[in-house]
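Subject: Structure handover

Hello,

Here is the structure we talked about. Please open it and keep it on screen while you read the notes below.

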Amino acid sequence: DMLPFLRITETATRRIAALERQCSEMVAELKTMNDHLSRLMRRESQLRAVLDRDAELERYQTKLDDTLARPGVQSHIEVSMRKAVLHRDPFPYAVIDDIFPDDLYNSLLRGLPPLELFADRPINKQQLQVPFRFAPAYSRRVWHHLTSVVVPNWFVPAVIAKFREPLDEWLRLNWPAVPPESVEFQSSNGRILLRRRGYRIPPHRDPKWGFLTCILYLARRDDSESWGTQIYRVDGDEEARGAAPHWIDSARCRQVGEIAFRSNRILVFLNSVGAHGAYIPDDAEPP
């Protein structure tokens, strides 16, 4: 008689299935606990880094007061902007060196947030929005001053004056009913990107709503200049649509220039045609 054997087998199968479900649930709970523990450990590391950096930067606070109050930043920016060459190929761009007075630029470098604060994102997308929600007091002060005073009051008018002609041409081409002189430009607060070995952003164009992109190179004096920005001419170029970056097949891109990663330098370009990108090899030195 096979029936008792079949009943035993069916019961065992149900028990095994129940155990498997319990094991799966336990594994999921353990993963959730590990993820939560990892977040707590990362947060503890960030808090410790901020406290340590606060203590290190305390002695620079008085000097920062003097730097932020010092006159002449506007005229310095205007002079540096006038010296720069406005290129038209493959798109309107300018490389402005010595964009800020040395004491302000050095204060920005000193105020870079600890590396631990970038750890919430994957290596290729590590960035912090400015102004910072959480950072050392010195960092918050100097970067808030940059985005609330220096950029809107002095940098934006200077860069708009530099790009006035290609900006007007771009506006007439895309929005012919809008008088270019009626357009008011505002700057975003921006973000700080942390780039490591293996960093790569392929050729692309920023969305059209961002008329001008400004990339400030936060290079220290002894940093390698190798890992800057590549600029491309695009075969069969087409309009960038939508609010997202316009990614372009690299096979259609021909590199025509490279902007070196140089201290106190800013690259400004019109998001009209062409493309830009950047990469750092996996074996880049120093690590």
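Is asparagine 264 buried or exposed? At 2% relative accessibility, asparagine 264 counts as buried, since the cut-off for that word is under 20%. Before going further, please keep in mind that this is a predicted model.

Asparagine 264 sits in the loop between E9 and E10. Its phi is near 60 degrees, which is a positive value in a residue other than glycine.

E10 pairs with strand E2 (residues 93-97) in the antiparallel sense, over 5 bridges.

E8 is joined to strand E5 (residues 200-205) by 2 bridges, and the two run antiparallel. Histidine 204 has tryptophan 247 in E8 as its bridge partner.

**Helices H3, H4 and H5**

Helix H4 covers residues 102-110, and its buried residues are Leu104, Tyr105, Ser107, Leu108 and Leu109. An α-helix has 3.6 residues a turn, so residues three or four places apart point the same way. What lies over the buried residues of H4? The cover includes helix H2 (61-69), helix H3 (73-83), helix H5 (137-162) and strand E6 (212-217).

H4 packs against H5 at an angle of about 130 degrees, with the axes 8 Å apart. The two helices are therefore oblique to each other, and their crossing is left-handed. On the H4 side the contact involves Leu104, Ser107, Leu108 and Arg110, which meet Tyr138, Val142, Trp143, Leu146 and Val150 in H5. By class, this contact has 7 nonpolar, 1 polar and 1 charged residues.

H5 also meets H3. Their axes come within 10 Å and cross at roughly 25 degrees. H3 and H5 are therefore roughly parallel to each other, and the crossing is right-handed. H3 contributes Val73, Gln74, Ile77, Glu78, Met81 and Arg82 to the contact, and H5 contributes Val150, Trp154, Phe155, Ala158, Val159 and Lys162. These residues divide into 8 nonpolar, 1 polar and 3 charged. Val150 of H5 is listed in the contact with H4 and in the contact with H3.

Glutamine 46 is in helix H1, residues 3-57. Its relative accessibility is 2%, so glutamine 46 counts as buried. Which residues does glutamine 46 touch, leaving aside its neighbours within four places in sequence? Glutamine 46 is in contact with Glu116, Leu117, Asp120 and Phe134.

**Points to check in the loops**

- Aspartate 89 and proline 90 are joined by a cis peptide bond with omega about 5 degrees. Proline 90 is in the loop between strand E1 (86-87) and E2.
- The bond from valine 130 to proline 131 is cis, with omega near 0 degrees. Proline 131 is in the loop between strand E3 (127-129) and H5.

Aspartate 98 is another residue other than glycine with a positive phi, near 55 degrees. Aspartate 98 lies in the loop between E2 and H4. With a relative accessible area of 36%, aspartate 98 is partly exposed, whereas asparagine 264 is buried.

Regards

Key. Residues numbered from 1 in each chain as written. Predicted model: local features only at pLDDT ≥ 70, side-chain atom pairs only at ≥ 80, totals over all residues. Heavy atoms only, no water. Pairing = 2+ DSSP bridges. Helix = DSSP H or I, 4+ residues; strand = E, 2+ residues; numbered from the N terminus. Buried < 20%, exposed > 50% of the residue type's maximum accessible area, 1.4 Å probe, protein only. Contact = heavy atoms within 4.5 Å. Axes fitted to C-alpha atoms, helices over the stretch in contact; angles between N-to-C directions. Parallel < 35°, antiparallel > 145°, perpendicular 65-115°, else oblique. Left-handed = near helix turned anticlockwise from the far one by under 90°. Nonpolar A, V, L, I, M, F, W, Y, C, P; charged D, E, K, R; others polar.
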